[in-house]
Amino acid sequence: MKKKVLTVDDSRTIRNMLLVTLNNAGFETIQAEDGVEGLEVLEEANPDVIVTDINMPRLDGFGFIEGVRRNEKYRAIPILVLTTESDAEKKNRARQAGATGWIVKPFDPTKLIDAIERVTA
Amino acid sequence: MDMNEIKEIFFQECEEQLAELESGLLRLNDGDRDPETVNAVFRAVHSIKGGAGAFGLDDLVSFAHVFETTLDCVRSNRLEPTQDVLKVMLKSADVLADLTNVARDGGSVDQARSKQLIRELEALANGEAPPAAEAPAAKAPAAKAPAPKAAAPAPAPVPNEEGFVPVTFSFDDFGGEEEEVIMVAPTYEISFKPKSDLYSKGNEAALLLRDLSRLGEMSIHCNMDALPSLEQMDPEAAYFSWKISITSDKGEDAIRAVFEFAEWDCELEITTAEDTSAEAGEELPMQPVPFDLSILDEEPAGPIGIAEEEEQIAAAAVSAAEVASNVVQIASAASRAPAETKAAAAPAAAAAQNTAQAASAAGQTIRVDLDRVDRLINLVGELVINQAMLSQSVIENDANGTSSINMGLEELQQLTREIQDSVMAIRAQPVKPVFQRMARTVREIADITGKSVRLITEGENTEVDKTVIDKLAEPLTHMIRNAVDHGLEMPEKRIAQGKNPEGTVRLTAKHRSGRIVIELADDGAGINREKVRQKAIDNDLIAADANLSDEEIDNLIFHAGFSTADKVSDLSGRGVGMDVVKRSIQALGGRINISSKPGQGSVFTMSLPLTLAVLDGMVVTVAGQTLVVPLTAIVETLQPEASAIHSFGASQRLISIRNSFCPLVDVGRILNFRATQANPVEGVALLVESEGGGQRALMVDAIQGQRQVVIKSLEANYTHVPGIAAATILGDGRVALILDVDAVVSASRGQPLKPEISLAAAG
Amino acid sequence: MAAKKAAPKKLSLAPVLDLNEAQALHGKLMGLRGSGVVIDASAVERVGTLCVQVLMAGAKSWEADSQAFTFSKVSDAFAKTTQLIGVNIDHLMAKEI
């Protein structure tokens, strides 16, 4: 069975890069454009891992992560933060919100897949 | 989909982000202090930076980074977005747009300008701008934090290069994998004690240990001493801790990297075996861990591992259909978003509004090759003609046709019309992008002229055919330049006249009776009629004693080669005058006129067809020829009575309509369809409004009816004919010419129809 | 005692024993206190540390009660994960006769 990845990012460019990278690596990819949509598709997507941006309209990555962690059914899903924010403060906030790990953009396909492998069984 | 296609998407997205950036900055400039506006602006730059980084567009990345840093100061209330600050930011947005264009199309940017702006942005981020009054002193040191470090000492010319090093975590240590020559691998003793948070954040000790086991030969001891009884335990708390011994040549960094995500949520100690006495491990029963616990990672299609980088993206062919179906799926998911969103979040009204905006922006869209749309439009045009011909032949062959056929034909006509409207709507686009470009034009020219200008745009979402939009930018740019350069006064002069030193240029778009009307108004000095008149006399455009209305004088500026600027400025001069603007607008089947009030400013009004493909026309007969007169030009039709016709001069005639006189124009004569004047009483007069605002009565022999016609370009199929805008094919298969009303009217004023005057070139 | 005579109860573990399952598993075990238990881990595809902790705490409590706490069958995944994290369950495996 293919592993399912939910990606949440408002940039069409990044969404496409994620889609191609993940599909090529044999993952099933579900995509959302912001935190609100990410939470909405959670049930339907039932992902094994989530990759999310931080800066997004409507609901940013911090809010989205908190939303997932509050969800009884999906709170155990590993969440990787995908962002250009490389400073420790942002990482820390993401961790406090419940992020499992992070990937710094611009991402290298290998590193992305690697990070996903690290947090999924 | 390959990297090039994604890159194309990136540039498309850049355009959207740049538009978003500019409109956000303009809103801030107007005093909007909604945090979401600042966020949106920040995100736009951030997003461009992110994508640019992925494609290695370093210039774009480094400029965007500095810009983003400064925006972050605004976002976190460390920098007040004053007008001065926003001026720098708007210029930076322009440079960002230039850099994006260069990244896509090649060429070069004004290095000096972008360097200058980088310095200005950094200065702002370093708090060198007028500090916000309410910012407490305590915040000051923090304000410097996000600025690129190297920027602090001023002299460094390219500080951002240093400051921005994307911190990617390094996996290079993994890179070599097994094949390397194995030196004597050191043994590490690791003590790993997770906290409960490690699990609640989705990390898993077992997975960390799995990754660790891949680094070398490992044995492990699990310490369960902390484990309470079942009754007392919290099932989600961390009780186990581990002592691990691993022999690996990958180095301590590689080991630490395994725990990178976990380091906040565990106690971790790593020592090399030499540091500790060898006996340390002896007390604990260590369990050897096999190198490959394949069961734990058999799930995905094989770990893609550490392989050949980008080729994986680019090469491996994901079927386009697969990607496409995913995209569609996403789009439909997005469309569901709006409804629940509002309930979920955003208590503040402003936020709710933003939500609505975001939701509408996320509407379902597909991208279609323009050629396909045009082909469809062409075919529908043929369908319309075909349908008209069918109707006609049914009527001709069966005068009292059965009602069912007639009803069917009517329905067919209705359907055809609807299909046509729907197809046209595909090409319809909001004028927003053009309007946004104008904002930049205004900024640039304001800078050069030293005038202070505010551009207000309204009706940006008014839609019109894409062709019209594309062709609108140039004349509009020229007019805006004119308005700022010639229209608005210098600030001192404005103050002297009791005006706001800041001039206003208002650009509006709206739909009016099946056309789009674009207005450009300035609050400058207005047309200097004396000067215009004198110039026209000097240039032999009018007689010295000509009696012209104010309106007629104003419209003189549209004459070829007319320019009132005392010296040709390098801006709006450029050797083109308003006549070129007028011709461009006419070429789009549009009209333009001006109204001006001395001391209060001028208003240019352009009226353009919504589409260049079809036209509602009145089909008339002139000297045995069938002509189509655009319905939009016709005010009314009337049957002249002999008593209403008044002759004056050699061949001029007037018709009196409700106590006013209107020149009568014999279309057959003007177009040289006949040698002598027709008798007005035997024909029909079409009262038309020409772009100068004056009315004329066009004489035609008879009216055949009213219908929508598909425009076929004469230039494309034959050659340009003076006085004729285009051609069409009627229901009976005959070709009919579409009259260029404005050309005919000006010909009637004594200006012969010259072939070089480009008339409407539709189609 | 009566407890000794009670037939061991059977507990089949869910395929995914993650963070969410830890609480549930804890509850199930609590409900089985007082009698011997035979655990069937043959369907387990994924098991996290938290659930192993719960099972080991169970093993401890059952041992204190001198009740049987055994695994009848374990899946490969279950066996390998416990081995990986250094938890030895050999002594809890049902002795085949």
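View 1. Angles under 35 degrees count as roughly parallel, over 145 as roughly antiparallel, 65 to 115 as roughly perpendicular and the rest as oblique.

Axes are lines fitted to C-alpha atoms, for helices over the stretch in contact, and angles run from 0 to 180 degrees between N-to-C directions. Helices (H or I, at least four residues) and strands (E, at least two) are DSSP runs, numbered from the N terminus. The crossing of α17(B) with α18(B) is right-handed; a crossing is left-handed if the near helix is turned anticlockwise from the far one by less than a right angle, and right-handed if clockwise. Among the residues that meet are Val434(B), Met438(B) and Ile445(B) from α17(B), and Leu472(B), Leu476(B) and Val484(B) from α18(B). Contact is counted when two C-beta atoms, placed from the backbone, lie within 7 Å.

**View 2. Helices α15(B) and α16(B) pack at an angle of about 160 degrees.** The axes of α15 (residues 370-397) and α16 (residues 403-427) are 10 Å apart. That angle makes α15(B) roughly antiparallel to α16(B). Their crossing is left-handed. The contact of α15(B) with α16(B) has 13 nonpolar, five polar and one charged residues. Ala, Val, Leu, Ile, Met, Phe, Trp, Tyr, Cys and Pro count as nonpolar, Asp, Glu, Lys and Arg as charged, and the others, Gly among them, as polar. Look for Val373(B), Leu383(B) and Val394(B), which are among the contact residues in α15(B), and for Ile405(B), Leu412(B) and Val423(B), which are among those in α16(B).

**View 3. Chain B meets chain C.** Here, 27 residues of chain B are in contact with 26 residues of chain C. On the chain B side, α9 (196-200), α10 (205-213), β2 (217-223) and β5 (287-289) each supply at least two residues. The largest share, five residues, comes from α10(B). By class, this side of chain B divides into 19 nonpolar, five polar and three charged residues. For the complex, the predictor gives an ipTM of 0.89 and a pTM of 0.53.

**View 4. Lys499(B) sits in the loop between α19 (491-496) and β9 (503-512) of chain B.** Lys499(B) is buried, with 20 other C-beta atoms within 10 Å. A residue is buried if 20 or more other C-beta atoms lie within 10 Å of its own, exposed if 12 or fewer, and partly exposed in between, with C-beta atoms placed from the backbone. Gly599(B), 100 residues apart from Lys499(B) in sequence, is 9.8 Å apart from Lys499(B) in space, C-alpha to C-alpha.

**View 5. Ala7(C) lies in the loop between α1 and β1 (9-12) of chain C.** Ala7(C) is exposed, with 8 other C-beta atoms within 10 Å. Among the elements of chain C, α1 (residues 2-5) has the lowest mean pLDDT, 48. Where pLDDT is low, the predicted coordinates should not be read in detail.

Note on methods:
Residues are numbered from 1 along each chain as its sequence is written. Chains are lettered from A and ligands numbered from 1 in the order in which they are written. This is a predicted model: local features need pLDDT of at least 70, side-chain atom pairs count only at pLDDT 80 or more; totals for chains, interfaces and linings use all residues. pLDDT is the predictor's confidence in each residue, from 0 to 100.
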